[in-house]
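Subject: Structure handover

Hello,

Here is the structure you asked about, with the sequence. My notes follow below it.

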Amino acid sequence: MNKDMHLIRAVEMAAIAAYKYIGSKDKNAVDLAAVEALQIMLNSAPMRTTVVIGEGELDQAPMLYVGQKLGNKSVKETFDLAVDPVEGTYPAAYNIAGSIACLAAAKPGTILPLPEMYMEKLFVNQDLADVIDLSKGLDWNIKQMQKEKSYRDLIAIVLDKPRNETAINLLRKSGVIVRLIGDGDVLAAIDVVNREADFVYGIGGAPEGLLMAALAISCSGNMESRLLAYDEIWPNEPETQTRMTIETKALAKYHLHYNQSLTSNDLIKDKEVRFIATGLTAGGSLKPIKYQHGIYNLNSFFSSHGIYRNMQVTYSIEQIKKLRPEIKTVIDNYQRDYHKQK
């Protein structure tokens, strides 16, 4: 089995593990299941990987922490990873649309480390890849995209958050059709690649922006972004000063600065980067995981080298438990009581 298939299977097993807790109203349980499954699978893969974007620093996260090395340590380093075992823990926990398992894999030393902070993002597929320039403002970009497409009614996906309210009003005033989502701008970017919409815009998480950059590069699209300070979004909150102190230290550590503009190629300097996602509660063009009578049906997305695949995947529990011991471990730990049905 080649390296790509090992990565794909790792993400799919993370989704299968998290499925046990969909609708549980327990975000931590959803996330922990996916994290543990992804770590088990990556540690058992015949490659060596390093987590660059993960669950946090070692003192914050015991698994998939930044700097953690996984896999076969006797082989040459294969990939640096940006992982989000569950993007959208809230929608997964409450069984509403908006959650996926995903990762990006790139050559060692090519992923820009990013702290946990806010980022303004504009993501487009290859149709609009050459016409955007976030430094010129949203209004200018809307007009450029409308001109390129020869119509006003572009479709935008935007996180429905107070911080994006001004942008939402401008988009609608400009004739853009706005689809609001509660969570999941990485999932929204997959919809853009699959031509369910024309672009994603808004202020969201910087680590998610890294995954969106991997998606853009691997699908010949584009993303432009800007790092934002916490006090720009939440100027008067009790935790603002603490967050600003943490952000400032992290930016200095990674030689970054507030309001820094970053393109996809600034974030990941690897044209051969891989991006993988599997739907949990999903939504849009990526379908949710389904389970019945010992069979998991998944919808996975894989992209690299400008080619992307939307894949329908079926896992029979009894069959996959026979394949490898790490898969049996994940299933035994997180199977949704199938054995009691038999």
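Helices (H or I, at least four residues) and strands (E, at least two) are DSSP runs, numbered from the N terminus. Two conventions before the findings. This is a predicted model, in which local features need pLDDT of at least 70, side-chain atom pairs count only at pLDDT 80 or more, and totals for chains, interfaces and linings use all residues. Residues are numbered from 1 along each chain as its sequence is written, and side-chain values use heavy atoms, with hydrogens and water left out.

Tyr94 lies in the loop between helix H3 (89–93) and strand E4 (100–106). The relative accessible area of Tyr94 is 36%, so this residue counts as partly exposed (buried means under 20% relative accessible area, exposed over 50%, partly exposed in between; 1.4 Å probe, protein chains only). Together with Tyr90 and Ile96, Tyr94 makes a nonpolar surface patch of about 280 Å². Patches are made of residues with over 30% relative accessible area and no salt bridge; like charges are joined within 9 Å, and nonpolar side chains (Val, Leu, Ile, Met, Phe, Trp, Tyr) within 5 Å. A salt bridge here is a side-chain nitrogen of Lys or Arg within 4 Å of a carboxyl oxygen of Asp or Glu. Areas come from the Shrake-Rupley method with a 1.4 Å probe, and for residues only the protein chains shown count as cover.

Asn95 is in the loop between H3 and E4. Its phi is positive, near 55°, and Asn95 is not a glycine. Most residues other than glycine have a negative phi.

H6 and Arg195

In helix H6 (185–193), nine of the nine residues are buried; among them are Asp185, Leu187 and Asp191. H6 is followed by Arg195, which sits in the loop between H6 and strand E8 (199–205). Arg195 is another residue with a positive phi, about 60°, although it is not a glycine. With a relative accessible area of 42%, Arg195 is partly exposed.

Strands

Strand E1 (residues 48–53) is mostly covered, with five of its six residues buried. E1 runs parallel to strand E3 (residues 77–87), and five bridges join them; two strands pair if DSSP finds at least two bridges between them. Thr50 has Asp80 as its bridge partner in E3. E1 also pairs with strand E2 (residues 69–71), in the antiparallel sense and over three bridges. There, Arg48 has Gly71 as its bridge partner.

An open sheet of six strands has mixed pairing and the order E7-E6-E8-E5-E9-E10. Strand E7 (177–181) and strand E10 (261–263) are its edges, each pairing on one side only. On average, neighbouring strands of this sheet are turned by 20° against each other, direction ignored (axes are lines fitted to C-alpha atoms, for helices over the stretch in contact, and angles run from 0 to 180 degrees between N-to-C directions). Strand E9 (residues 222–228) pairs with E10 in the antiparallel sense over three bridges, and Ser225 stands opposite Leu262 in E10.

Cysteines

The structure holds zero disulfides, a disulfide being a pair of cysteine sulfur atoms within 2.5 Å. For Cys102, the nearest cysteine sulfur is that of Cys219, 13 Å away. Cys102 is buried, with a relative accessible area of 1%. Cys219 also counts as buried, at 4% relative accessibility.

Regards
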